[in-house]
Amino acid sequence: MLPYKTIQEASAVLGRNLSTAETIWFNYSANKSDYFLYCHSIVYLFVVFSLIPLPLVFIELARLAGFDRYKIQPKVRLSWPEMFRCYKVVVCNNFLPIIVPLQLASYPSIKMIGIRTGLPLPSGWEMFAQLLVYFLIEDYTNYWVHRFLHNKWGYEKIHRVHHEYTAPIGYAAPYAHWAEVLALGIPSFLGPAMVPGHMITFWLWICLRNIESIETHSGYDFPWNPTKYIPFYGGAEYHDYHHYVGGQSQSNFASVFTYCDYIYGTDKGYRYQKKIFQKLKGELKGNGEQNGVSYRFPTQDLKSD
């Protein structure tokens, strides 16, 4: 709750007139508790998870002409009941019994680390810098948690649930064992804990991180995707390979960027098969063949580290 009763009082304290964004924020948040504002993150999580995958669900079910070429594993098609089952399992097994109570109970930690709701609002550059730090911190720590989950015990007891989808879809992004949901929540919280910002930045972080996860599990690799212009960004094809190889995968652990896999040598299998595919694709074009490769990588038997 803001410590100002009027916009004039807020302007006097700041020593300037409120910006348009700050005026909107004041009118909305002035009489709302910080806890109520923090709980908005639950709504945003649900809305993002429910709505963002829908366009690709429509493309998948409608079999729209011209889009098959962008599907990474075109031979794998899920029906609407199968997709809805994935959605229902995530909501009923993870979102309602785990994520919602965790969000409701974690407010004291949010206050402790210093995430604020007051004025002034952060500038665009400040928000951008903080979000970049959040992504980098989450990506590095997620890499090691994910890599641990691929040891024999971690995979068999926990991570195998997420790998039930060898050809992932957007709704399968948070489809995981409850222990994995908790474990991977730590990397997501580390960034805001280390570099606390405004509540609006926190909301944006939650939304963007989930949109990114849905995109990398989408099963489609569109050439016009703006994320292709982000340096070291993995994307759908990069992560799809990790699911395609499955339980034996020791490659492509990164959640967002590819630098950890490159530094620690866990992208060699991906790069090796990518090279084979490009060679095979060139040979097929040279022979005038349009079909014959059903996936971006030629064989599942090559599981080199």
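Mentor: Let's start with the term itself: a salt bridge is a side-chain nitrogen of Lys or Arg within 4 Å of a carboxyl oxygen of Asp or Glu. Searching the whole structure turns up twelve salt bridges. Before we zoom in, keep in mind that this model is predicted, so local features need pLDDT of at least 70 and side-chain atom pairs count only at pLDDT 80 or more, while totals for chains, interfaces and linings use all residues. Residues are numbered from 1 along each chain as its sequence is written, and side-chain values use heavy atoms, with hydrogens and water left out.

The protein chain has 14 helices and zero strands (DSSP runs numbered from the N terminus, H or I of at least four residues for helices, E of at least two for strands). Its C-alpha trace spans about 75 × 40 × 40 Å along the principal axes. The chain has 305 residues, and 47% of them count as buried, where buried means under 20% relative accessible area, exposed over 50%, and partly exposed in between (1.4 Å probe, protein chains only).

Now, the bridges. Arg77 pairs with Asp68, and their closest N and O atoms are 2.5 Å apart. Arg77 counts as partly exposed because its relative accessibility is 23%, and Asp68 is partly exposed too, at 32%.

Next, look at Glu237 and Lys274, whose side chains meet in a salt bridge at 2.5 Å, N to O. This pair links distant parts of the chain: Glu237 belongs to helix 12 (residues 235-245) and Lys274 to helix 14 (residues 268-286), and they are 37 residues apart. With 8% relative accessibility, Glu237 counts as buried, whereas Lys274, at 23%, is partly exposed.

Asp267 and Arg271 make another salt bridge, at 3.1 Å from N to O. Here Asp267 is buried because its relative accessibility is 5%, while Arg271 has a relative accessible area of 39% and is partly exposed. Some bridges also share partners: Glu60, Arg63, Asp68, Lys71 and Arg77 are joined this way into one network.

What about the nonpolar side? A nonpolar core is a set of buried Ala, Val, Leu, Ile, Met, Phe, Trp, Tyr and Cys residues joined through side-chain atoms within 4.5 Å. The largest one here has 23 residues, and Trp25, Phe26, Ile110, Leu119, Met199 and Phe202 have the most contacts inside it. Several helices each supply at least two of its residues, including helix 2 (20-29), helix 6 (80-105) and helix 11 (199-216). Helix 11 gives the largest share, four residues.

Zoom in on Phe202 for a moment. Setting aside neighbours within four places in sequence, Phe202 is in contact with Tyr38, Ser41, Ile110, Ile115 and Pro192 (contact means heavy atoms within 4.5 Å). Apart from that core lies another of 14 residues, with Met83, Val90, Tyr165 and Ala172 among them.

One last thing, about how the chain meets itself. Of the contacts in the protein chain with a separation of 6 or more, 72% are between residues 24 or more positions apart.
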